[in-house]
Amino acid sequence: MLVESLQWSKPLRTRIAPTPSGFLHIGNAYSFVLTWLWSQLHQAELLLRIDDADQQRIRPEYLEDIFYSLDFLGIVPSCGPSSVQEFLDKFSQTYREDLYQHAISLLKQQNALFPCRCSRKQLQQNKLCTCLESPPQAESEQQTAWKLDTAQALALELRDWQAGTHHLHLHHLAPYPSIQKRDGKAAYQLSSVIDDDFWGVNVIIRGADLWASTGIQLHLANLLGKTEFQHALFYHHPLILSLNGEKLSKSKGDTSLHAYRQSASAAPIFRQIATFLQLPSAEKITNGQTLLDAAHTLEWPKIF
Ligand SMILES: [Zn+2]
């Protein structure tokens, strides 16, 4: 029902947006499969959008892992890179640094950002940056990070499948998120919202652990006049914390997809999604196609 109320001139487009700063884990696989399933059921485009802005933490094996993982799950995105090489040649966030920098200067012009010189150690001790209340002495520009003053954010309104029209009070959720890092590069929240806008993403499916990111990104979209993102439809899915009834936790061993796919098929992942969605005969579901067939029988908006 919500989908019918969306009157976009552009097609519905959702995305899978991994960051190659580590091996993907089973929780990522659930989120990918849910997003893929949604795209299939709504004839939406599915974009693969890889966040590699934090170049220091990116490793080639993590990038490869994204493509191996999608292969393992049988997910073929309809847009975005289809290989590591294509990603590096055409899609890397390094090609959009100008867009990020332009957005940062617009935010600075609006006084939406404030300089922060807290060290990592200070932030650990104080828990919270206090640079807004007691501005740091001007030293070299290079040591300054810029943070978002969320105290200026009014209550944000967003549409979420599960929560309905939802109001977020950003300042409580995420007091002072980083927007520009000390090295001058855009921080994750900014490059993410700029990229979603750049690629025309209008449906965002993500875990319930990312409500704060949604708030930060919506506030940035409001400040930057990114209207499509402001009217995007969200679905914050509950985190799926078990596989075949076994709790997923680091303490129980490696939960990386990388390790998992050495010794198991993807079937338990699809069955777990089917159980989560309360699909009939969940035990018979073994792959994307059988999941899709079963999900077609549902009145989807009641679930999503
Ligand atoms: Zn600070």
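Analyst: Strand 3 and strand 4, which covers residues 145-148, run antiparallel and are joined by four bridges. One of the residues involved is Pro 115, whose bridge partner in strand 4 is Trp 146. This is a predicted model, and the description below should be read with that in mind.

The two strands belong to an open sheet of three strands, ordered 3-4-7, with antiparallel pairing. Strand 3 (113-116) and strand 7 (178-180) are at the edges, and each has a single partner strand, so one side of each has no neighbour in the sheet. On average, neighbouring strands of this sheet are turned by 45° against each other, with direction ignored. In general, the strands of a sheet pair through backbone hydrogen bonds, and the pairing can be parallel or antiparallel.

Now the chain around the sheet. The chain contains 14 helices and eleven strands. Of its 304 residues, 37% are buried. Among contacts between residues at least 6 apart in sequence, 75% join residues at least 24 apart.

The largest nonpolar core has 75 residues, and Ala 29, Val 33 and Leu 190 are those with the most contacts inside it. Helix 2 (residues 26-41) gives the most to this core, contributing nine residues. Leaving aside residues up to four places away in sequence, Ala 29 touches Leu 24, Ser 69, Leu 73, Leu 257 and Ile 269.

Another element to look at is helix 9. Helix 9 (residues 211-224) has 14 residues, and the distance from its first C-alpha to its last is 20 Å, close to the 20 Å expected at 1.5 Å a residue. Buried residues in helix 9 include Thr 214, Gly 215, Ile 216, Gln 217 and Leu 218. His 219, Leu 220, Ala 221 and Leu 224 of helix 9 are buried too. Just after helix 9, Gly 225 takes a positive phi of about 65°.

Last, the confidence of the prediction. The mean pLDDT of the chain is 87, and 88% of the residues reach 70 or more. Among the elements of the chain, strand 2 (residues 45-48) has the highest mean pLDDT, at 98, while helix 14 (residues 300-303) has the lowest, at 50.

Technical notes
Residues are numbered from 1 along each chain as its sequence is written. This is a predicted model: local features need pLDDT of at least 70, side-chain atom pairs count only at pLDDT 80 or more; totals for chains, interfaces and linings use all residues. A residue is buried if 20 or more other C-beta atoms lie within 10 Å of its own, exposed if 12 or fewer, and partly exposed in between; C-beta atoms are placed from the backbone. Two residues are in contact if their C-beta atoms, placed from the backbone, lie within 7 Å. A nonpolar core is a set of buried Ala, Val, Leu, Ile, Met, Phe, Trp, Tyr and Cys residues joined through C-beta atoms within 7 Å. The expected span of a helix is 1.5 Å times one less than its number of residues. Two strands pair if DSSP finds at least two bridges between them. Axes are lines fitted to C-alpha atoms, for helices over the stretch in contact, and angles run from 0 to 180 degrees between N-to-C directions. pLDDT is the predictor's confidence in each residue, from 0 to 100.
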